[in-house]
Amino acid sequence: MTENSKQNTYEDVCGRILAIPKFTKEKHGFEVIRAYLEGLGHPEQGMRIYHVAGTNGKGSVTRMLSDLLLLGGRRTGTFTSPHLVRMNERISVDGKDIADEDLVSAYEEVEKLRIEKALPQLTFFEILFVMALLHFRAAGVTDAVLETGLGGRLDATTSVPADLYVITKIGLDHTVQLGDTIEEVAGEKAGIITGDSPLILHASSTPAEQVILARAEAFRCRAVENCNTFSAIIHGIDRDGIDFSFSNGYDSYDHLFLKTRAQYQVENAVTAITAAPYLFPEADRAKLKELLRKMLSRFSMPGRMEEIAPGIYVDGAHNPSAARELLHSLYYSFTNNEKCSTMSGCDLPVDGEDAQNNMFLIFAASNDKDYREVLRILLDFPWKGIILTEYRNARSVPAGQLAEVAADILLNAETVTEERHDPVFEEKSSQERHQGQALIQTAEDVRAALNLVKNEKGSRVMVTGSLYLVGEIKALPVQNSEVTGVDV
């Protein structure tokens with residue numbers, strides 16, 4: 001224990017960790033974090049480790065793999081980021097977030113070692129990672145799923161060897177730290193590959209795919225499963241979830257049910273299905289299929305097309321590629337455009353009860369993101385109303401500034417049609433789609449934004465643009481409220 005351990009409350013510890021910068025110009029070499037692991041008796045040893053990286057989808061795939069391991073009877077640890085409401089969300093065992101007292105205990109153990117050995121202070125992400133490994137060891141974890149925080153090559157999670165590498169979709173995000181081309185970002189993500197363990201890849205970009213495959217070849221990965229070569233067909237989406245089928249050349253899965261309306265989660269499900277035999281190499285194939293069906297039918301991912309209250313949806317889309325996926329999910333789920341059924345192989349129309357376009361957009365963004373491009377993409381949906389707001393952080397773009405950007409986009413009728421030539425967008429010109437677009441409003445925070453739509457009977461709300469914003473609305477008492485009459 002540290003010398004002030006008697007005064008260490010949960011609030012104290014969270015405050016100290018949050019005071020550590022999240023983004024630093026220089027990262028420690030792995031020698032520093034490995035010195036901590038050695039001093040703590042190598043808590044990472046004795047468990048199987050599955051490492052997940054990527055720009056979009058890595059959090060969802062991490063959760064799917066963790067849920068699958070848990071259903072398969074494994075003692076499962078999960079390390080993920082960011083948290084939405086409480087820091088404890090980042091570290092869990094068997095689906096349960098770390099208890100306050102265990103988080104304090106893990107922090108004190110790390111701090112005690114730092115003081116005794118005069119080690120450098122770990123960064124924000126590093127200290128949470130070491131705390132997670134300590135908690136996993138104490139809880140008897142046999143299988144751990146680790147989600148990278150930023151990039152991969154220099155990420156703290158790469159300091160420990162993995163039994164399986166998983167790399168999801170690559171896009172431009174954190175360009176200051178990772179590079180401003182797809183190839184550069186892919187190179188950073190591919191940095192998690194440090195040995196010959198198998199690789200599951202679903203990069204969805206030829207340049208990214210080439211970079212990652214070259215890295216896998218250099219390290220002689222024992223197996224490489226490229227999900228980009230597989231096919232999935234969406235049969236239909238209703239308010240309960242998605243009906244889809246999948247074939248990878250070895251196995252076929254007919255009419256799987258995925259409990260989400262987010263069409264982009266099908267791609268993540270394909271990644272998890274492909275990884276499953278590497279998690280359970282000795283499992284009977286039929287039993288593994290049933291395990292996968294069970295996992296997908298129960299799947300829930302906080303902050304990803306999540307309905308937190310009747311009619312109130314949240315999604316953490318904060319970069320252009322995530323915004324495009326959200327846009328297509330919105331068209332799938334919340335319009336009755338008959339041509340939606342042809343998008344990405346969907347062969348059934350959307351649920352008739354969702355035919356009316358009655359959704360409000362509540363949007364906020366961080367100033368280090370490409371928020372103009374994210375807005376440009378999202379404004380191609382026929383919103384009933386648009387409310388631009390802010391979250392409580394210095395990185396938040398002022399609502400007035402967002403309003404100026406949105407007005408300029410609509411004035412110039414900027415469109416995403418050139419990005420995706422889908423029939424749903426080609427039916428009307430950009431000017432026709434934007435004609436009559438709802439008046440843009442601003443609100444000082446998400447509470448005020450929600451109250452602007454509280455009397456809009458039968459409407460829905462999509463809150464997106466930042467995970468910080470998602471965290472703030474999830475902390476509000478809206479879970480038992482209808483959109484009509486919300487007052488929080």
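Reply: A residue is called buried when its relative accessible area is under 20% and exposed when that area is over 50%. The model discussed here is predicted.

Me: Is Ala406 buried or exposed?

Reply: Ala406 is a residue of helix 13. The cut-off for burial is under 20% relative accessible area. Because its relative accessibility is 0%, Ala406 counts as buried.

Me: Which residues does Ala406 touch, leaving aside those up to four places away in sequence?

Reply: Ala406 and Ile440 are 34 residues apart in sequence, yet their C-alpha atoms are 8.0 Å apart in space. With residues up to four places away not counted, Ala406 touches Leu375, Leu379, Leu388 and Ile440.

Me: Where do the buried residues of helix 13 lie around its axis?

Reply: The buried residues of helix 13 are Ala399, Leu402, Ala403, Val405, Ala406, Ile409 and Leu410. They cover an arc of only 165 degrees around the axis, which puts them on the same side of helix 13.

Me: What is the distance between the end C-alpha atoms of helix 13?

Reply: Helix 13 comprises 13 residues, 399–411. At 1.5 Å a residue the helix should span 18 Å, and the computed separation of its end C-alpha atoms agrees, at 18 Å.

Conventions. Residues are numbered from 1 along each chain as its sequence is written. This is a predicted model: local features need pLDDT of at least 70, side-chain atom pairs count only at pLDDT 80 or more; totals for chains, interfaces and linings use all residues. Side-chain values use heavy atoms; hydrogens and water are left out. Helices (H or I, at least four residues) and strands (E, at least two) are DSSP runs, numbered from the N terminus. The expected span of a helix is 1.5 Å times one less than its number of residues. Buried means under 20% relative accessible area, exposed over 50%, partly exposed in between (1.4 Å probe, protein chains only). The arc is that of the directions from the helix axis to the C-beta atoms. Contact means heavy atoms within 4.5 Å.
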